[in-house]
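Subject: Structure handover

Hello,

I am passing the structure below on to you. Please look through it first; my notes on what was found come after it.

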Amino acid sequence: MHRISSNTISLALKYGLFLSRSGTPLTLISKEPDVAGFEMYDRCVNQSANRLGRNIIYSHNISNKVSSNSQIRDNQGVKWVSRRNLSSSSDRAREFGMVHLVDNVNNDTHGQNSDEFSTDVEKVYKILRKFHSRVPKLELALQESGVIVRSGLTERVLNRCGDAGNLGYRFFVWASKQPGYRHSYDVYKSIIKVLGKMKQFGTVWALIEEMRNENPHLISPDLFVVLMRRFAACRMVKKAIEVLDEMPQYGCEPDEHVFGCLLDALCKNGSVKEAASLFEDMRVRFSPTLKHFTSLLYGWCREGKLMEAKFVLIKMKEAGFEPDIVVYNNLLSGYAISDKMGDAFDLLHEMRRKGVEPNVASFTTLIQALCSREKMEEAVRVLIDMQKSGSDADVVTFTTLISGFCKWGKLDRAYELLDSMIEKGIMPSQMTYLHILQAHEKKQELEECIELLDEIRKIGCELDLKLFNVVIRLACNLGEIKEGVRHWNKMEEIGVSPGLDTFTIMINGFIGQGSLVEACEYFKEMVGRGLLSAPQYGILKDLLNSLLRGERLEMAKDVWSCIVTKSSCELNVYAWTIWIHALFSNGHVKEACSYCLDMMDNNLMPQPDTFAKLMRGLRKLYNRQIAAEITEKVRKMAADRKITFKMYKRRGERDLEEKAKAKLDGRKRSARRRRWGRDQSKARVF
């Protein structure tokens with residue numbers, strides 16, 4: 001993001017100008033032309049352009065084309081459209097059009113190449129979306145698209161696919177088959193990240209094995225670090241540690257840096273106990289470094305366990321390492337999380353006594369802690385003290401304070417702070433605007449959200465997925481599903497790929513409006529893009545139950561078939577249970593039994609309550625044949641797993657009784673709440 005000076009921004013705001021962005025150029029668009037003081041504005045834009053190393057082009061209105069002799073090029077290669085020859089101020093006002101900051105003349109070729117690259121990326125992405133479920137047609141469409149696979153394109157396509165890892169992997173496989181092309185190191189690293197997010201770790205290891213056979217020179221420790229971080233993010237600690245042991249087999253000997261990355265990944269993902277144990281076990285193999293101690297300190301402080309953090313601090317000093325600013329900031333965070341703000345401020349004074357001057361991150365940590373406790377005035381005082389001490393607040397500091405005001409419903413103060421940071425020349429980030437959008441969402445102010453989203457784009461801040469998710473979610477919650485679809489399409493147009501949350505929001509929106517056909521289409525698209533995984537089975541349950549309650553059995557079967565055939569996620573017993581229970585609860589007992597047999601054919605044993613529920617249903621239907629078939633298969637599977645069938649059956653009956661009792665208790669509580677509410681209303685009337 002290129003940043004113009006605060007003086008230019010303030011003048012732009014004063015004279016009705018807005019900053020917008022289209023690709024690389026940064027554009028100033030006049031909304032209501034006012035040429036008073038134009039010369040001053042002219043100088044400010046010129047200074048900004050020189051600082052950014054950009055050219056300036058003033059383009060006039062279409063009705064008043066610029067003659068060729070009105071263009072002047074100065075010694076610095078800055079191209080101007082002269083305004084000096086305009087006859088009057090009114091003429092100049094009419095002529096005042098757009099001001100573009102563009103690349104220097106010698107960079108024009110690069111800009112053209114970049115645009116050509118983007119065209120190919122969008123073309124490939126559209127083909128992937130259209131044919132992702134039909135591999136032969138997909139490969140044929142890519143072959144006939146005229147896109148030449150070259151260095152850099154594959155990585156751009158993977159980034160464009162976003163969370164839809166299935167699409168990216170399909171293109172990766174197709175590109176590897178193209179003659180004269182070999183994947184680069186960056187492409188391999190990107191696809192490992194994509195597959196790691198999809199939890200396709202078997203495919204990742206197969207890919208690394210392929211690299212060892214075909215491109216051994218591309219294997220580096222960083223690839224294994226990426227894999228470690230993905231395992232750690234999934235809380236698969238043993239698998240993450242195993243990566244460390246597997247590295248020598250691929251010609252990469254782990255060093256202190258790699259071990260530090262492993263500790264860092266574990267501590268950042270809530271596995272600090274395992275990280276501390278590993279650190280002690282590996283002290284002989286890897287010499288402790290300051291980074292190792294800092295990671296452990298961060299992990300304990302993150303969980304608010306200050307005793308363990310102080311113990312790490314003692315060990316660090318014994319090893320000969322003096323605490324630096326990062327260590328102190330972690331301790332500040334630990335005090336804040338433990339609600340010990342007095343100790344946090346004491347530590348701040350202690351840092352100064354020891355000659356460690358607090359930085360922006362130090363003050364921002366305190367501001368964040370105060371904001372979370374609704375102590376906004378104290379947070380503002382910390383900001384003032386920070387500025388007095390010579391530390392300039394950055395975008396993170398302002399965003400933290402804005403988030404606090406938004407959280408506690410003080411939107412006016414948040415907007416005042418937003419104006420203040422822009423005047424200081426600090427451009428807001430996507431996260432800054434996200435907090436403001438979420439505050440409008442709480443108040444169910446859809447129009448304000450849409451207007452703000454448009455303004456964000458105008459001032460040159462790139463819209464990201466989280467910003468769109470807020471607007472789409474609010475539109476769906478308010479029943480404005482068409483508005484949600486419109487912003488979905490706008491999001492796709494500007495190159496932002498929808499993620500799992502976006503699909504979930506839209507599907508729930510369509511279900512709420514009773515548009516089950518559209519809900520199924522979006523769900524199938526989500527499955528085809530490889531976004532469905534076990535933690536998101538809630539949306540599957542909602543959709544299947546809605547279809548079956550609406551007597552759309554065939555559509556429900558079609559959705560399930562799509563999951564079984566196209567999903568990159570390996571279906572577990574919980575997914576099958578959702579489908580079987582949905583069928584049973586809506587009166588489709590025979591279909592539920594049929595799918596239960598299919599589940600057992602996939603070597604998945606039904607849960608005890610599922611078996612008990614099906615047996616009750618079959619007894620009512622007097623269907624002994626299917627009951628005997630299911631019972632026989634369950635007996636065999638129980639024997640293989642060394643479980644007694646009698647205990648399994650008894651547990652199922654008990655689980656059903658407990659669920660029925662819990663359901664009844666819930667209804668009684670709801671009835672009591674309703675009666676209490678009516679009594680309170682009567683009391684208020686009297």
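Helices here are DSSP runs of H or I with at least four residues, strands are runs of E with at least two, and both are numbered from the N terminus.

Before more detail, a word on the source. This is a predicted model, in which local features need pLDDT of at least 70 and side-chain atom pairs count only at pLDDT 80 or more, while totals for chains, interfaces and linings use all residues. Residues are numbered from 1 along each chain as its sequence is written, and side-chain values use heavy atoms, with hydrogens and water left out.

**The α5 and α7 pair**

Two packed helices are described by the angle between their axes and the distance between the axes. For α5 (residues 135-144) and α7 (residues 165-176), the angle is about 60 degrees and the axes are 11 Å apart. Axes are lines fitted to C-alpha atoms, for helices over the stretch in contact, and angles run from 0 to 180 degrees between N-to-C directions.

On the α5 side the contact (heavy atoms within 4.5 Å) is made by Val135, Leu138, Glu139, Leu142 and Gln143, and on the α7 side by Arg170, Phe171 and Trp174. By class, the contact of α5 with α7 has 5 nonpolar residues, 1 polar and 2 charged. Nonpolar covers Ala, Val, Leu, Ile, Met, Phe, Trp, Tyr, Cys and Pro; charged covers Asp, Glu, Lys and Arg; the others, Gly among them, are polar.

**The α23 and α24 pair**

Helix α23 (residues 446-458) packs against helix α24 (residues 465-477) at an angle of about 155 degrees, with the axes 10 Å apart. That angle makes α23 roughly antiparallel to α24. Their crossing is left-handed. From α23, the residues Leu446, Cys449, Ile450, Leu453 and Ile456 meet Leu467, Phe468, Val471, Leu474 and Ala475 of α24. The contact of α23 with α24 divides into 10 nonpolar residues, no polar and no charged.

**The chain as a whole**

The protein chain has 34 helices and 6 strands. Of its 686 residues, 47% count as buried, where buried means under 20% relative accessible area, exposed over 50% and partly exposed in between, with a 1.4 Å probe and protein chains only. Among contacts in the protein chain with a separation of 6 or more, 65% are between residues 24 or more positions apart.

In soluble globular proteins, nonpolar side chains tend to be buried together. The largest nonpolar core here has 202 residues, and those with the most contacts inside it are Leu401, Phe523 and Ile630. Helix α30 (residues 573-585) supplies the largest share of this core, 9 residues. A nonpolar core is a set of buried Ala, Val, Leu, Ile, Met, Phe, Trp, Tyr and Cys residues joined through side-chain atoms within 4.5 Å. Not counting residues up to four places away in sequence, Phe523 touches Ile507, Leu532, Ile539, Leu540, Leu543, Val559 and Ile563.

**Single residues**

Ser362 is in helix α18 (residues 360-372). Ser362 counts as buried because its relative accessibility is 0%. With residues up to four places away in sequence left out, Ser362 touches Ile325, Asn329, Leu332, Leu348 and Met351.

Ser391 lies in the loop between α19 and α20 and, at 12% relative accessibility, counts as buried. Leaving aside neighbours within four places in sequence, Ser391 is in contact with Pro358, Phe363 and Met386.

Asp394 also belongs to the loop between α19 and α20 (395-407), but it counts as partly exposed, at 31% relative accessibility. Beyond neighbours within four places in sequence, Asp394 is in contact with Val360 and Ile426. Asp394 and Lys424 are 30 residues apart in sequence and 9.9 Å apart in space, C-alpha to C-alpha.

- Lys199, in the loop between α8 (185-197) and α9 (201-214), has a phi near 65 degrees, a positive value in a residue other than glycine. At 44% relative accessibility, Lys199 counts as partly exposed.
- Glu374, in the loop between α18 and α19 (376-388), has a positive phi of about 60 degrees although it is not a glycine. Glu374 counts as partly exposed at 44% relative accessibility.

Regards

Technical notes. Angles under 35 degrees count as roughly parallel, over 145 as roughly antiparallel, 65 to 115 as roughly perpendicular and the rest as oblique. A crossing is left-handed if the near helix is turned anticlockwise from the far one by less than a right angle, and right-handed if clockwise.
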